[in-house]
Amino acid sequence: MKKTLVLGASDNPARYSYRAVHQLKQHGHEVVPVGIRKGQVAGLDIHTDRPTGDDIDTVTLYVGPQNQPAWYDYILDLKPKRIIFNPGTENEELERMAQQRGIRTEEACTLVMLSIGNY
């Protein structure tokens, strides 16, 4: 299973990041929710710090491109195998930076990928 960091995690059931955390867990993936507000989602605490680790397989983004620059170094320093740019998070600059470091990027929807067995 793929350890996934959900950047932009929220405890608001109306948010796609909320659904993503739940679906990732249901599919057996270890999830690290990171957001700007404390809370819980799917029984997990939302980290408001920037947890580190060298075992993150995937970063799935739920942060708009205008707010991503503050996260660039953090995301890239995690050295994930891939970054998923969910709809509305597409960012050519971050994609290029990631690809230059050998990180695969995908413009896709995590929820759809999970639902069709393509995650």
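# A walk around the model

Start at the second largest pocket: its lining has 7 nonpolar, 5 polar and 1 charged residues. Here Ala, Val, Leu, Ile, Met, Phe, Trp, Tyr, Cys and Pro count as nonpolar, Asp, Glu, Lys and Arg as charged, and the others, Gly among them, as polar. A quick word before you click on: this is a predicted model, where local features need pLDDT of at least 70, side-chain atom pairs count only at pLDDT 80 or more, and totals for chains, interfaces and linings use all residues. Residues are numbered from 1 along each chain as its sequence is written, and side-chain values use heavy atoms, with hydrogens and water left out.

**Stop 1: the second largest pocket.** Select Y16, S17, Y62, N86 and P87, which lie nearest the centre among the 13 lining residues. The volume is about 160 Å³. A pocket is an open set of points on a 1 Å grid over the protein atoms alone, where a 1.4 Å probe fits, with protein on both sides within 12 Å along at least five of seven lines; lining residues have an atom within 4 Å of a point. Points are joined across faces, edges and corners, and the volume is the space filled by probe spheres set on them.

**Stop 2: Y62.** (Helices are DSSP runs of H or I with at least four residues, strands are E runs with at least two, both numbered from the N terminus.) Buried or exposed? Y62 counts as buried, at 15% relative accessibility; buried means under 20% relative accessible area, exposed over 50%, and partly exposed in between, with a 1.4 Å probe and protein chains only. Beyond four places in sequence, Y62 is in contact with residues including V6, L7, Y16, S17 and N86, contact meaning heavy atoms within 4.5 Å. Zoom in on the Y62 and N86 side chains, joined by a polar contact of 3.3 Å. That term stands for a pair of N or O atoms within 3.5 Å; within protein, one must be able to donate a hydrogen and the other to accept it, and residues adjacent in sequence count only if both atoms are side-chain atoms.

**Stop 3: helix α1.** Select residues 16–26 and colour the buried ones: S17, A20, V21 and L24. Looking down the axis of α1, they fall within an arc of 100°, so they line one face of the helix; the arc is that of the directions from the helix axis to the C-beta atoms. They pack against β1 (4–7), β2 (31–34), β3, β4 and α4 (110–115). After α1 comes G28, with a positive phi near 90°.

**Stop 4: helix α3.** Go to residues 92–100, where L94, E95, M97 and A98 are buried. These four sit on the same side of α3, because they cover an arc of only 165° around the axis. Then find N91, which caps the N-terminal end with a side-chain oxygen 3.0 Å from the backbone nitrogen of E93.

Stop 5: Neither A42 nor K79 is a glycine, yet each has a positive phi of about 55°. A42 is in the loop between β3 (40–41) and β4 (44–45) and is buried, at 19%. K79, between α2 (72–77) and β6 (82–85), counts as exposed at 66%.

**Last stop: the largest pocket.** Select G8, A9, R15, I36 and R37, which lie nearest its centre. This pocket has a volume of about 350 Å³, and its lining has 6 nonpolar, 5 polar and 4 charged residues.
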